[in-house]
Amino acid sequence: MQDFLTAAVSILTPEVLALIFAGTFVGIIFGAIPGLNTPIAVALLLPFAYKLETIPAVALLLGVYMGGISGGLVSAILLRIPGTAAAIATTFDGYPMTRRGKAAEALAIGTFGSFLGGAFSAIVLAFLAKPLTQIALKFSPWDYFGLMLFALSLVSVLVGKNVLKGYMSMLIGLLISCMGLSAIDAMAKRFTMGMPQLQGGISMVILIIGIYAIPEILSAAGKLNEDTTTAEFEKKRFYVPSKENRGPRYWWLWLQSSIIGTFIGILPGLGSSTGAMLSYSAAQKTVKSEVGYGNGCAEGIYASEVANNAVTGGALIPMLSLGIPGDSVTAVIMAALILKGVQVGPLLFVTNAPLIYQIVLATFFANLAMFIIQSLGIPLFAKIVKVPRYILLPLIVMCIAIGCVSVNNRLFDFAVVLVLGILGYTLEKNGYPLPPLLLGFILGKDMETYLRRSLMTHGTFGACMSNFSVGTVLVVVAALITVAALVMKNEVIANKLFPKRAAKKAAQGK
């Protein structure tokens with residue numbers, strides 16, 4: 001209790017609270033603009049944080065972290081261009097709701113959901129850090145491989161109408177992730193086509209912009225003369241979701257998405273995008289929607305935004321207790337702590353317990369700051385959709401160009417974005433879902449690393465499967481999900497297996 005009171009006194013100071021709000025505001029801006037993501041914002045502020053004391057520095061960076069993850073919902077909802085990878089699933093229902101003239105309501109739902117998920121994960125970080133860390137510590141490379149394969153299979157099956165096209169899209173993402181030097185040994189150059197710029201692979205920022213932003217711009221370019229979407233909202237200063245979109249019927253969805261996001265955050269390397277995708281897939285199966293998923297329902301926005309913000313607190317758990325960053329942003333935050341002389345790891349809970357509570361409180365207040373700033377800024381954000389396309393599109397292209405070049409300080413990446421944009425546009429127009437591609441890219445490198453480590457330990461894939469573990473169960477479940485989906489999508493086979501269902505469909509058709 002004494003440690004908690006000490007932490008509260010150090011956090012509840014004007015300087016620290018001001019830095020939390022400032023960092024959150026910067027994070028929202030970087031998250032909302034496609035191409036300028038959270039890792040870039042945290043990295044840019046790292047030199048400034050180095051000149052601060054430990055607690056103010058951590059408070060600033062945590063504010064950027066929480067604001068950046070949530071800020072991605074702004075462009076995802078208004079423009080169908082996710083500002084960050086975490087907001088990809090938000091586009092599924094956020095943008096359709098905007099097209100119905102409910103941009104402000106969609107932003108309010110996303111912001112409220114972001115706060116709920118972030119607050120939940122902060123509580124978990126405070127009370128369950130040690131027990132959950134022990135669970136994650138028991139995961140072997142094979143278990144991580146099985147979890148990633150399960151995630152890829154689930155998303156490939158549930159996103160899109162055609163299972164094979166979903167898997168084809170996912171495999172394209174895996175192939176793109178293989179570009180550059182081979183994992184672990186870095187001996188083989190793969191798919192570089194003789195270009196030294198590709199030896200380091202393709203940046204996630206570059207892929208997100210190419211796959212999502214460019215196709216949307218190409219589609220919108222042919223509709224310059226169409227009327228812009230009307231963003232209707234009441235004239236008020238602070239926005240929260242309407243009563244019908246924040247009632248008790250969403251409690252189970254909030255809890256489910258928070259748990260999924262926090263658990264994914266605890267497992268290093270999976271990240272907010274994976275948590276959001278899995279949460280959205282789970283919501284489709286467990287929570288009914290009157291509007292329908294993909295048509296602009298509140299359930300879809302909640303599932304994505306609650307989960308991707310819940311990942312943040314979960315990702316801090318392995319960073320603090322194991323010295324293993326949960327994602328790229330926590331890696332930078334860990335570097336900042338090390339620069340300040342703080343040795344993160346198992347002994348941190350013993351040697352510097354007040355710091356743990358300080359980080360927990362900073363995480364909670366950063367989520368609160370995010371909720372306040374975005375709720376106040378919704379009228380301003382909602383006006384973006386009223387800007388004529390012939391003005392908005394050039395501004396987006398300018399931001400994209402800046403974001404591309406800023407990643408590696410080279411124009412080559414802009415050419416890569418254009419190629420990926422053509423690929424994304426072609427796939428989307430032919431019915432190939434893009435989320436499996438992106439998730440395959442995000443998980444591909446780590447998935448290969450875990451598989452190779454498993455093979456180095458057990459020798460063969462069969463030996464890995466025969467060594468019964470959580471990973472083996474997940475691999476089997478992934479295979480069963482695929483087979484079941486293929487059977488259910490095949491009308492002939494499905495009708496023979498489920499004659500009553502076929503008769504009911506026939507009756508409805510008549």
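**Solvent exposure, helix packing and nonpolar cores**

With a relative accessibility of 62%, Met-193 counts as exposed (buried means under 20% relative accessible area, exposed over 50% and partly exposed in between, with a 1.4 Å probe and protein chains only). The model is predicted, and local features need a pLDDT of at least 70, side-chain atom pairs count only at pLDDT 80 or more, and totals for chains, interfaces and linings use all residues. Residues are numbered from 1 along each chain as its sequence is written, and side-chain values use heavy atoms, with hydrogens and water left out.

Met-193 is situated in the loop between strand 2 and helix 10 (helices, H or I of at least four residues, and strands, E of at least two, are DSSP runs numbered from the N terminus). The phi angle of Met-193 is near 55°, a positive value in a residue other than glycine. Phe-191 is found in the loop between strand 2 (189–190) and helix 10 (204–221), and the phi of this non-glycine residue is likewise positive, near 55°. Phe-191 has a relative accessibility of 45% and therefore counts as partly exposed.

For the protein chain as a whole, the secondary structure comprises 23 helices and two strands. Of the 510 residues in the chain, 57% are buried. Among contacts with a separation of 6 or more, 77% are between residues 24 or more positions apart, where contact means heavy atoms within 4.5 Å.

Helix 4 (residues 54–79) and helix 5 (residues 90–99) have axes that come within 6 Å and cross at roughly 55°; axes are lines fitted to C-alpha atoms, for helices over the stretch in contact, and angles run from 0 to 180 degrees between N-to-C directions. Helix 4 is therefore oblique to helix 5, given that angles under 35 degrees count as roughly parallel, over 145 as roughly antiparallel, 65 to 115 as roughly perpendicular and the rest as oblique. Helix 4 contributes Leu-73, Ala-76, Ile-77, Leu-78 and Leu-79 to the contact, and helix 5 contributes Thr-90, Thr-91, Gly-94, Tyr-95 and Thr-98. The contact of helix 4 with helix 5 holds six nonpolar, four polar and no charged residues (Ala, Val, Leu, Ile, Met, Phe, Trp, Tyr, Cys and Pro count as nonpolar, Asp, Glu, Lys and Arg as charged, and the others, Gly among them, as polar).

In the second pair, helix 6 (residues 103–127) packs with helix 11 (residues 251–266) at an angle of about 55°, and the axes are 9 Å apart. Helix 6 and helix 11 are therefore oblique to each other, and their crossing is right-handed. The contact is formed by Phe-112, Leu-116, Gly-117, Phe-120, Ser-121 and Val-124 from helix 6, together with Trp-254, Leu-255, Ser-258, Ile-259 and Thr-262 from helix 11. By class, the residues in the contact of helix 6 with helix 11 are seven nonpolar, four polar and no charged.

Helix 6 also holds Glu-105, which is buried because its relative accessible area is 17%. Apart from residues up to four places away in sequence, Glu-105 touches Met-97, Pro-241, Ser-242 and Asn-245. Ile-301, in helix 13 (residues 298–322), is likewise buried, with a relative accessible area of 0%. When residues up to four places away in sequence are not counted, Ile-301 touches Thr-90, Asp-93, Gly-94, Met-97, Ala-106, Ile-109 and Gly-110. The C-alpha atoms of Ile-301 and Leu-107 are separated by 9.2 Å, although these residues are 194 residues apart along the chain.

The largest nonpolar core contains 100 residues, and those with the most contacts inside it are Ile-202, Leu-207, Tyr-302, Ile-400 and Leu-420 (a nonpolar core is a set of buried Ala, Val, Leu, Ile, Met, Phe, Trp, Tyr and Cys residues joined through side-chain atoms within 4.5 Å). Helix 8 (residues 141–158) gives the most to this core, namely eleven residues. Neighbours within four places in sequence aside, Ile-202 is in contact with Ile-176, Met-179, Leu-207, Val-416, Leu-420 and Phe-441. A second, separate core has 49 residues, including Leu-45, Leu-320, Ile-333 and Val-344.

Gly-431 lies in the loop between helix 18 (412–429) and helix 19 (435–458). The relative accessible area of Gly-431 is 45%, so this residue is partly exposed. Gly-431 and Lys-161 are 270 residues apart in sequence, while their C-alpha atoms are 8.3 Å apart in space.

Conventions
Left-handed = near helix turned anticlockwise from the far one by under 90°.
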